[in-house]
Amino acid sequence: MDYFWRPFLRKSVTEYVVKIDDGEEPVDCPSAQAAYFELSADAHPLVATFIGLSGAILAKCKLDPLDKFYCEFADLAKIHFSRIPIFTSGGYPKFAFLRPSGADYLQEYRTDLIATIDARASANESLDDLALRYKRRGAPTMVEFSSSDWMPYRDIFKNALKSSDMGSAVTDEEVASLNLAAGSSFAGASVFGTGFVDGENESLGGLDTQHGPLLQGEDGEIYAYYIQAEYQGSNQNRSYRQTSAPCFAFNRKMPVLTKPTLIMDLQPVSKILATNVSTSSATLEAPTLEETVEQTQELYFKTDNPFNKSIRFALRSERSKLLDIDEPEPIWQLSLPSSLQSQSRPVEFLDLMRVERATATAEIAFIDSKVWTEAKSLDFWDRESAVTLTRKRPTRFEYNGLTAPLSGARIDANGEQLFASFAPKGDWIADRVARYLGGRVQVLENRVGVARTKIETRVLETISLGGQLWAFEVEGSIGEVEKSRLLGGALEVGELSAEITGFSQAQSGNPICEIYLFDECSEFELPQSGTQALLLEDIGSPRLWRVIATTAILTDGTLEKYELEDNYEVHRPELGNRVLQFTTRNTVTWNNEVLEGSLGRRVAVPLLLPPPEIPNLCFDFDEIGKDYFGRSVFRVTAGACEEFDSSYQQSMSLAGGRFDDVAGFAENARNGLWGAQPSLGRKVLFEVFGSTDDLSQHQDISVAVSNVRESDGATGLPKVWSKLNQGD
C-alpha cells in the first residue's frame, strides 16, 4: 500500500529527516519503520548513516552508484549521507510508517477480522501447550520463555483477570508486568495471546480461531495489523474495547536461505586464566589452581539475505597433542543479542550485504590446539542454514601466568649481596603452561634513576567509540616517545582507571587518548570539561626493571630454589642510600619466543651503604693566589702515580697546624666555598676559602680531602696532608 510510504524531508544537502509535509508546516512523525532509496549512475560512493529517535546510530551502509537500498528499522528518525547524494527519478528516499494508535486513524484503513484469540484461556494453560503457537509442522517449538519465566507472569495475569471479573480496577503493577512480559519478545506476545503463528498447528484447540486466509496478496504488499481487546468493566452489563497501536508487515515469500560468509579477521589469541589459591603451608598439603585456557577471536559475518535475523556460531578447537586433552564442549553463541536483550551495536552494510561483527571467547584444550569457527544463518522463519567453516589456525599465545611471589628480601651490610626468599612451597604452584614449557621465575629490580612516565593534564571532551572503547581529548601535547611509553599504561580520571590503547589527534591539535574498559558493565560518570587527568606508564614496563636472577620451574609446579643468596651486583656507588623495589615474573618459551607473565607482588628493601672509603693517595697542595675580596684559592695535586677516584666527588677542607688524628683536624678545619666537586682529569682539585690571614700564626698548614657520594651526599673520612706553612 503506497499510503504507508512517504518521502523524507530534506533538512540539508546531506541530511533527510522523518517528517510529513502535506503542504502546511511539516509535522514530526513518531518514527519510521523502513527506508528505501536508489542512487543514480552519477552518484559518488558514500556512506549512509541511519539514526534513531534516541540519537543512537542504527546502521551504517557503504554505497556505490546504482545501488538500491532497503532496510527495516525500529524508530528511524533520519538519514545522514557522507556526501551529497544523487538519486534516480523514482528513487528519492522514502520511509514507511503507521500513524499513532486510535480508532479515528484506523477508520481510514479497510480492516478485516482475521483471528480471535482467547487471552483468558492462556492464563490457564501450561507453557508447553501455549508454545504450540510457535510450532510449525515438523519443526521444533520456538519459544524464548522458560517455564520459570512463565509461571510468575501467569499468576499476575490470573490476578488481573480476577480483578476485572469482580469489577475492580487492574493495578498499575499488573498492567506494567503484563506489558513488560508481552512486549519483551514475540515469543512473549505469543504466550500472552497477543500474537500467533498463522494457524498451522491444529492442536491449539480453542485458543485461536482463524476467520480467513492470511497474507494472500501480492508479494511485497504491506498489511497493517492491530489488536483490539474486549473485556467487561465494572458495569457487568457493558463491554469495553481497547485498540492497540497499529503495526505493519510485508507479505513476502520465503527467500532461499544461504550460508553466511565468515571471516576470521585477525589471528586468534589464546590466554591462560589461572587463580592460585594460597593459604598457610601448615594446613595445605598441595596448593590448588583453578585454570582454563581460552581463545579470543575477532570475527565478522556477511549475509546477502535481507531477512537474516542473526548468526549462530561456535568457536572450536582441536585436541591438544601436547597434553592429550580433548576439545571442551563447544558453546553456540549469537552474533547479535537476542530479542530479549538490547542491541547496542549499529548494523553495518558493505556492498549491500549485511555485516555483523563479534568478539568471542571460548575455552580450548590447550595452547597447541588449532582453532576455527563454525557459523550458520537464522532467518525470521526460524530456519537455519548449512554450516560455514573457517580454516584452522594456530593461536597467538599471550602468556599471563601468575608468578611465585617474594615473601621477603634484604641486602647485606656492605650492599653487595641480595638475600631473597619465595613464598613457601605449599603456598604456590605454577600453571600448566609454565610446567610443560620449562618455565622460569625471574627476580627483577626496579631500575634506579629511571622514572615512570607520568603526565598531568585535563580532559577537554569525552568520546564514545562503542562498547568498551572510549576516548578523551586532553589538553597539551604528548611527544612520540611519551606516547610509546604510555601505551598499555593507565588513564586516571576521578574514580575511573582504564588501559590506554592508542593515541590520535583532534582537529584542535590536542592529543586524543583512547582507552579500554576491562569490565563491559563498568559504569562511570563522564568527566566534565576541565577535569584533571593523569596518564601513567604501565608499572610493568620493561624499561623500568632489570633481571638480576632466575630459578627454574619444575614439572610438578614447584621451584628449583626457594632461597637466593648469590651476588647480584647490588653494590653500586652511584645508588646511595635508598629503598629498592624487587618483584618476580614467570617466563616461558613457546615457538622459539620467550613470553613474559605479569609482575608479582613488589617487595621494598632498604639499601644502606657504608660511607665512601678514605682516599688512597698521596697529594701535594699549595695556595695559588688571592682574589679581590681576599679569598684564597688552593690547589690539590695527586701524586705522580696516583689519581682521585672518579666514582666519587671530592671535597677539601683546611686548618692551621699539624694534626695526629682526624678528630683533631675536624675541630679546627674550615670548609671550602665550592664544596664537593669532581676532580679535574682525576689529578687536580681546586677550592676557594675565605680569608686565610689568620693561618700565618701557624708554622704548619693541613689540608684534608674526602670522597663524597653524589647520590646521597654521604661523606667518607678524610685523608689529611700537612706541610710547612709558606704563607705571608
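Reader: Is Asp-620 buried, partly exposed or exposed?

Author: The model discussed here is predicted. A residue is called buried under 20% relative accessible area and exposed over 50%. Asp-620 has a relative accessible area of 42%, so the residue is partly exposed.

Reader: With which residue does Asp-620 form a salt bridge?

Author: Asp-620 belongs to strand 41 (residues 619–626), and its partner belongs to strand 47 (residues 719–724), 103 residues apart. The closest N and O atoms of the pair are 3.3 Å apart, and the partner of Asp-620 is Lys-723.

Reader: How many residues apart in sequence are the parts that Arg-312 and Glu-384 tie together?

Author: Arg-312 and Glu-384 form a salt bridge, with 3.4 Å between the closest N and O atoms. Arg-312 is partly exposed at a relative accessible area of 25%, and Glu-384 is partly exposed at 42%. Since Arg-312 lies in strand 20 (residues 308–317) and Glu-384 in the loop between strand 24 and strand 25, the pair ties together parts whose separation in sequence is 72 residues.

Reader: Is Asp-700 buried or exposed?

Author: The side chain of Asp-700 meets that of Arg-658 in a salt bridge of 3.4 Å, N to O. Asp-700 lies in strand 46 (residues 700–708) and Arg-658 in the loop between strand 43 (649–656) and helix 9 (662–668), so the pair ties together parts 42 residues apart in sequence. The cut-off for a buried residue is under 20% relative accessible area. With a relative accessible area of 16%, Asp-700 is buried.

Reader: How many salt bridges does the structure hold?

Author: Side chains of opposite charge can pair when their charged atoms come close. Salt bridges that share partners join Lys-11, Glu-15 and Lys-78 into one network. For the structure, the number of salt bridges is 24.

Reader: Which residues of helix 4 are buried?

Author: Helix 4 covers residues 147–165, and its 19 residues reach 26 Å from the first C-alpha to the last, close to the expected 27 Å. In an α-helix, residues three or four places apart point the same way, because there are 3.6 residues a turn. The buried residues of helix 4 are Trp-150, Arg-154, Phe-157, Ala-160, Leu-161, Ser-163 and Ser-164.

Reader: How far apart in space are Leu-487 and Glu-537, C-alpha to C-alpha?

Author: Leu-487 lies in the loop between helix 8 (480–486) and strand 32 (490–493). Beyond its neighbours within four places in sequence, Leu-487 is in contact with Ile-500, Thr-501, Gly-502 and Phe-503. Leu-487 and Glu-537 are 50 residues apart in sequence, while their C-alpha to C-alpha separation in space is 7.3 Å.

Notes
Residues are numbered from 1 along each chain as its sequence is written. This is a predicted model: local features need pLDDT of at least 70, side-chain atom pairs count only at pLDDT 80 or more; totals for chains, interfaces and linings use all residues. Side-chain values use heavy atoms; hydrogens and water are left out. Helices (H or I, at least four residues) and strands (E, at least two) are DSSP runs, numbered from the N terminus. The expected span of a helix is 1.5 Å times one less than its number of residues. Buried means under 20% relative accessible area, exposed over 50%, partly exposed in between (1.4 Å probe, protein chains only). Contact means heavy atoms within 4.5 Å. A salt bridge is a side-chain nitrogen of Lys or Arg within 4 Å of a carboxyl oxygen of Asp or Glu.
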